[in-house]
Structure formats: structure tokens, C-alpha cells
Amino acid sequence: MPSDSSSRPPSSTKQKFRFDKENSFRQRIWKLWLVIFAGVLTAAFTTSMVQADEASDRKETRAVIEAQLEAFKQGDSAKAFSYATPNIQTMFGDAETFMKMVREGYDVVVKPVTVRFVKFETDGMNALHAVQMIDRQKTLWNVYYVLQKRPDGTWRISSCETEKAETDLI
């Protein structure tokens with residue numbers, strides 16, 4: 001019986017089919033590897049951007065606190081008042097009323113002998129600085145500043161809480 005060569009693929013066609021199948025599998029593996037690699041790069045880039053934003057927020061918010069402390073030290077009530085959020089400004093009405101409140105209730109921030117920033121947290125729109133201050137009587141205080149990011153990208157102080165530290169200075 002004569003053989004019909006068209007009914008069976010020649011061996012080179014089998015081999016070509018096998019190579020195509022292997023190449024297809026290799027291509028899928030290669031594509032998967034590229035997708036994973038791209039994902040890792042994206043995650044690394046995003047993480048570094050978040051860390052960069054946090055470092056930037058830390059620097060900017062600390063500068064606002066330091067500027068307000070300097071304004072207090074210089075007796076510049078208008079400048080010190082300018083670092084407060086609009087809500088705080090509305091609550092006190094003017095710089096002199098604000099300064100009277102600060103002098104009466106927050107003496108440690110008016111002219112601290114020592115200031116040490118110890119902790120920082122942010123969510124990108126709000127920030128918390130924990131600061132240790134020593135007053136003129138050599139008392140250690142924990143001072144907590146909350147800052148808000150304004151629509152224009154600047155930071156303003158929205159609250160300040162003080163508490164006498166549980167430990168004494170040596």
C-alpha cells in the first residue's frame with residue numbers, strides 16, 4: 001500500500017512544532033519574569049518616593065516649629081502667629097491674644113533652654129512631632145506638635161500639647 005506522505009507530518013515538521021511549543025513556553029516564562037521584574041521595580045520606586053516624601057515632610061515641619069520657636073524667642077508675636085493654622089488664628093483672633101495664651105500656658109515653648117526632636121510621624125497631610133524641651137527652671141517637658149498641610153503645600157501648626165516628663169534631669 002502506498003504511503004500517503006500528507007497524512008503524516010514529516011519529522012522536520014514534528015521538530016518544528018516541538019521547537020515552537022518550547023519557544024512559546026519560553027516566551028511565556030520570559031514575559032512573566034518581565035512582569036515580575038517591572039512589579040518589583042515599581043514597588044521599590046514607590047517605597048523610595050514615600051520615604052523621600054516622609055523625609056521632606058519631616059524637614060519642612062521641623063522648620064516650621066523651629067521658625068515659630070525663634071519668633072517666640074525674638075518676641076515677634078505676628079510671625080509666631082503666622083505659623084498657626086487658620087482655625088487657630090480664627091480662635092484667637094489676633095497675634096497678641098495668641099501670645100498671651102502661649103505665655104500663660106506654654107511657657108516652655110516661649111524660651112526653651114534646649115530643644116530635641118525625638119519622634120516624627122506623618123500620613124502626608126498631618127504630621128506629629130514629639131519634642132523634648134528643657135525650660136529655664138531646668139524642667140524636662142514632652143511637647144507634641146500636630147501640623148497640617150495646607151492646600152498650597154505649606155505646613156502650619158494645628159496644636160501643641162505639653163506635659164512634664166516623668167523623669168528628671170540628672
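What relative accessibility does arginine 136 have, and is the residue buried, exposed or partly exposed?

A: Arginine 136 has a relative accessibility of 44%, which counts as partly exposed. The cut-offs are these: buried means under 20% relative accessible area, exposed means over 50%, and partly exposed lies in between, using a 1.4 Å probe and protein chains only.

First, how to read the model. It is a predicted model, where local features need pLDDT of at least 70, side-chain atom pairs count only at pLDDT 80 or more, and totals for chains, interfaces and linings use all residues. Residues are numbered from 1 along each chain as its sequence is written, and side-chain values use heavy atoms, with hydrogens and water left out.

Here pLDDT is the predictor's confidence in each residue, from 0 to 100. The chain averages 82, and 70% of the residues score at least 70.

Now back to arginine 136. Its side chain meets that of aspartate 107 in a salt bridge, at 2.8 Å from N to O. This pair links distant parts of the chain: aspartate 107 belongs to helix H5 (residues 107–110), arginine 136 lies in the loop between E2 and E3, and 29 residues separate them. Helices (H or I, at least four residues) and strands (E, at least two) are DSSP runs, numbered from the N terminus. A salt bridge here is a side-chain nitrogen of Lys or Arg within 4 Å of a carboxyl oxygen of Asp or Glu. Aspartate 107 is partly exposed too, with a relative accessible area of 33%.

Look next at the loop itself. The hairpin of E2 and E3 has five residues between the strands, and lysine 138 there takes a positive phi near 65°. Lysine 138 has this positive phi although it is not a glycine. It is exposed, with a relative accessible area of 65%.

Strand E2 (residues 126–134) runs antiparallel to strand E1 (residues 114–122), and eight bridges join them. Nine bridges join E2 to strand E3 (residues 140–149), again running antiparallel. Two strands pair if DSSP finds at least two bridges between them. In general, strands of a sheet pair through backbone hydrogen bonds, either parallel or antiparallel.

Some cross-strand partners can be picked out. Phenylalanine 117 has valine 131 in E2 as its bridge partner. Phenylalanine 120 stands opposite histidine 129 in E2. On the E3 side, alanine 127 stands opposite leucine 147. The hairpin of E1 and E2 has three residues between the strands, and glycine 124 in this hairpin takes a positive phi near 100°.

Step back to the whole sheet. Four strands form an open sheet in the order E1-E2-E3-E4, with antiparallel pairing. E1 and strand E4 (155–164) stand at the edges with a single partner strand each, so one side of each has no neighbour in the sheet. Neighbouring strands are turned by 20° against each other on average, direction ignored. The axes are lines fitted to C-alpha atoms, for helices over the stretch in contact, and angles run from 0 to 180 degrees between N-to-C directions.

Another is formed by glutamate 121 and lysine 119, with the closest N and O atoms 3.1 Å apart. Glutamate 121 is partly exposed, at 41% relative accessible area. Lysine 119 is partly exposed as well, at 46%. One more joins glutamate 66 to arginine 62, at 2.9 Å from N to O. These two are four residues apart in helix H1, which means about one helical turn separates them. Glutamate 66 is partly exposed at 37% relative accessibility, and arginine 62 is partly exposed at 35%.
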